[in-house]
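Dear colleague,

I am passing a structure on to you with this message. Please have it open while you read the notes below.

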Amino acid sequence: MKKFQNALIILLLVCNLVTGAMLLYTRKQLKEKEDYISKDTIVELAIRYNVSTSFLRKLFPNDIVYLDDGKVTIESLNPALKLNDYDYGLLSKENGIVSYPNTYQGIDVSKFSGTIDWQKVKDSGVYFAMIRAGYRGYSEGALNKDAYFEENAQGCNDVGIKLGVYFFSQAISVEEAIEEASFVINLCKNYKVEFPICFDMEEISGTNARANSLSKEEVTKITLAFCNTVREAGYTPIIYANSHWIFSKLDLEAVENIDKWYAQYASEPYLPYQFSMWQYTSSATIPGISNNADRNIAFIDYSNTEK
């Protein structure tokens, strides 16, 4: 009987067409038996048969499933962290635009977006924009201003789009993180910045990028240094992260009091903990922008909150 049950689990793991309801029922039935298969065994099978994380998330709806350096990881929810209270049944989508009650439509852009007609962007219903202030080179580590920063910042201010900024970090020390934050703060002095200043550190695949080998502890300290410097200057900090980064590279208890800008291109966000902005696509068509753009919704109007 045990061999039959384990074979059934393997079949379910390999077949990604099985519905979530069937998965939950099967798991419940097995749990009532002494032969219940362990999480560790399921992880081993998932790795062996290249099972998707989306499939495993259906199998473990009360846990967190993510990839850590390509390895499937299943963790229990952290009781020390506050959960968000969003009701995703209230999400709607029309013409590629996701809506949720009492939220605000936004975009994020950089020099790769080209020259932008900000009035057309404003008229299309965009309330806020996160524009790239700059970046640190991933090999030499030099600080660089985004070539379109002034043009985009002034464009937002001129038409009344709420302005936020982000910096793509490759800091490998607390000192470099403070240097990056100071660099951004200096750039923002001539503009009305009402939305957050964002710390954006990501793994650059296929390269020997200088920040790729940082540990979770190092990334957390660097993130805190940047965000604390931003806050001390009177701005609101926020952390940009996808599922891999937020679960495997950050000590979430240490950064809980910093807002999160969560990136996941799906019908609904997976992050169970609190976050205030969601980037839900990178392929939006926005009037006034010739290239595809990222779309976001903000659950907070930062322009009406006390810094």
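In this predicted model, Asp63 stands opposite Ser76 in strand E2. Strands (E, at least two residues) and helices (H or I, at least four) are DSSP runs numbered from the N terminus. Residues are numbered from 1 along each chain as its sequence is written, and side-chain values rest on heavy atoms, without hydrogens or water. As the model is predicted, local features need pLDDT of at least 70 and side-chain atom pairs pLDDT 80 or more, whereas totals for chains, interfaces and linings use all residues.

The hairpin

Strand E2 (residues 71-76) runs antiparallel to strand E1 (residues 63-68), and six bridges join them (DSSP must find at least two for strands to pair). Two residues separate E1 from E2 in this hairpin, and Asp69 in the turn shows a positive phi of about 55°.

The protein as a whole

The protein contains nine helices and 13 strands. Of its 307 residues, 50% are buried (under 20% relative accessible area with a 1.4 Å probe on protein chains only; exposed is over 50%, partly exposed in between). Among the contacts (heavy atoms within 4.5 Å) with a separation of 6 or more, 65% are between residues 24 or more positions apart.

Beyond its neighbours within four places in sequence, Ile131 is in contact with Val109, Trp118, Phe149, Asn152, Ala153, Cys156, Leu163, Gly164, Val165 and Tyr166.

Helix H7

Helix H7 covers residues 174-188, and its 15 residues reach 21 Å from first C-alpha to last, close to the 21 Å expected (1.5 Å times one less than the number of residues). Its buried residues are Glu176, Ala177, Glu180, Ala181, Val184, Ile185, Leu187 and Cys188. What covers these buried residues of H7 includes strands E6 (128-136), E7 (143-145), E8 (162-168) and E9 (197-200). Helices H6 (149-159) and H8 (216-232) are also among the elements covering them.

Most residues other than glycine have a negative phi. Asn95, although not a glycine, has a positive phi of about 55°. Asn95 sits in the loop between strand E3 (92-94) and strand E4 (97-99), and it is exposed, with a relative accessible area of 73%. Asn102 likewise has a positive phi, near 60°. The loop that holds Asn102 runs between E4 and strand E5, and at 70% relative accessibility Asn102 counts as exposed.

Asn78 belongs to the loop between E2 and E3. With a relative accessible area of 23%, Asn78 is partly exposed. Which residues does Asn78 touch, not counting those up to four places away in sequence? They are Glu253 and Tyr273. Asn78 and Glu253 are 175 residues apart in sequence, with 8.9 Å from C-alpha to C-alpha.

With kind regards
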